[in-house]
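Please look over the sequence and the structure before reading on.

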Amino acid sequence: MTYRKVYPSQLNFNLEQQRLCVCAFGETKYNPDLWGIKYLFDKGLHGNNAEICVNGAIPNSLALRMYFLRYLFPDIRFHDDYGDKFSAEAEEIIRNIGTKYVTYSVNGHLFDDRGTKDKLESCIEKELADNISRYIPDFANGVKIIRQFPANMFRDCISEGSRVTDKLWIDMVSVNCAGELSPIELKVGGNIPLDLFAQGLDYGTYCHLFKGHVKDNWFNEKTGAKKDKVTIYYIGEEFHPALVGRGKEKGIISLIRQNELFNIVFVKITVDKKRRCIVGKLEVIFDTRKQCEL
């Protein structure tokens, strides 16, 4: 069975040879960069240095994600219609991480004890956090996990008025057995769609930029070396065909390449909704670490 190749009505696509322009109409939850990749992929134009130009205002979260997408999708180049202003702004933030651009520290911001709401996904999140090594062998028994970690960036001081990126909460964050800071995105019910994949990449970008800071402050590890990757885990009952494909159709994860910054891991779970628990074994359905070495 194939899946219908449909696109959000809030996004307008204009394709000229190998260059795709994507324009968002008003406020939209859809991410033009990832949807642009899907569009090129569906048209069979994702290779040979294809280009995506995102038109209109580009917030910092999108600018940073577009900047780092080159590592995951090296055959696609991103632009904007302001002379690639997004790239310059992303580089300015990256250069000044920890000085001009800051995030939370343990002084006044303790995130160790996060509660569980009376919702299915929250219950499954707690089960995973309490027993992560049972389900994913990448993690040691008893490893520390922080739930609902705020992945926020500020200019000069921590206040709402100085926020420079979207307000994001990482479902879970930990450090795996390889010593890699590991944001975990969980979705229970339905599937993990393209835009939730984009959100997980934002978590990974945040963890990459503040890798040493987060590990030092909350995990008592002094290893935030540049060579340390960030491993992003997506855990869900289903993954949208736009990501993983269906039948003979491939999804855009077939374009993702092993790189020096990020590992991407998709893990499928089965949930008993009446008992509110995970049943059976988890299945890794995609892992960039299994690809050929760089």
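Which residues line the largest cavity? They are Ser61, Leu64, Ala151, Met153, Thr165, Asp166, Leu168, Asp202, Thr205 and Tyr206. The model is a predicted one, in which local features need pLDDT of at least 70 and side-chain atom pairs count only at pLDDT 80 or more, while totals for chains, interfaces and linings use all residues. Residues are numbered from 1 along each chain as its sequence is written, and side-chain values use heavy atoms, with hydrogens and water left out.

**Overall form**

The secondary structure comes to 8 helices and 12 strands; these are DSSP runs numbered from the N terminus, with helices being H or I of at least four residues and strands being E of at least two. The protein has a radius of gyration of 19 Å, close to the 19 Å that the globule rule gives for 294 residues, so it is as compact as a globular protein of that length. That radius is taken over C-alpha atoms, and the globule rule is 2.2 Å times the number of residues to the power 0.38. Along the principal axes, the C-alpha trace spans about 55 × 50 × 40 Å.

**Helix α2 and its partners**

Helix α2 covers residues 60-72, and its axis comes within 10 Å of the axis of helix α1 (residues 32-42), the two crossing at roughly 40°. That makes α1 oblique to α2. Axes here are lines fitted to C-alpha atoms, for helices over the stretch in contact, and angles run from 0 to 180 degrees between N-to-C directions. Angles under 35 degrees count as roughly parallel, over 145 as roughly antiparallel, 65 to 115 as roughly perpendicular and the rest as oblique.

On the α1 side, Pro32, Asp33, Leu34 and Ile37 meet Leu62, Arg65, Met66 and Leu69 of α2, where contact means heavy atoms within 4.5 Å. By class, this contact holds 6 nonpolar, no polar and 2 charged residues. Ala, Val, Leu, Ile, Met, Phe, Trp, Tyr, Cys and Pro count as nonpolar, Asp, Glu, Lys and Arg as charged, and the others, Gly among them, as polar.

Helix α3 (residues 85-95) packs with α2 at an angle of about 95°, their axes being 9 Å apart. That makes α2 roughly perpendicular to α3. Among the residues in this contact are Ala63, Tyr67 and Arg70 of α2, and Phe86, Ala90 and Ile94 of α3. The contact has 9 nonpolar, 2 polar and 3 charged residues.

With α6, the angle is about 90° and the axes lie 10 Å apart, which makes α2 roughly perpendicular to α6. Here Ser61, Leu64, Arg65, Phe68, Leu69 and Leu72 of α2 meet Ala198, Leu201, Asp202, Thr205, His208 and Leu209 of α6. Their classes are 7 nonpolar, 3 polar and 2 charged.

A search of the whole structure finds 2 cavities of 30 Å³ or more. On a 1 Å grid over the protein atoms alone, a cavity is a set of points where a 1.4 Å probe fits but cannot get out; a pocket is an open set with protein on both sides within 12 Å along at least five of seven lines; lining residues have an atom within 4 Å of a point. Grid points are joined across faces, edges and corners, and a volume is the space filled by probe spheres set on the points.

| Space | Volume | Largest share of lining |
|---|---|---|
| Largest cavity | about 100 Å³ | α6, 3 residues |
| Second largest cavity | about 50 Å³ | α2, 4 residues |
| Largest pocket | about 460 Å³ | α6, 4 residues |

The lining of the largest cavity has 5 nonpolar, 3 polar and 2 charged residues. The second largest cavity is lined by Arg65, Phe68, Leu69, Leu72, Leu201, Thr205, Ile232 and Phe262. The elements giving two or more residues to this second lining are α2 and α6. By class, the lining has 6 nonpolar, 1 polar and 1 charged residues.

The largest pocket is lined by 23 residues, and the closest to its centre are Thr28, Tyr30, Asn31, Pro32 and Pro59. Two or more lining residues come from each of β3 (50-55), α2 and α6 (194-209). The pocket lining divides into 10 nonpolar, 7 polar and 6 charged residues.
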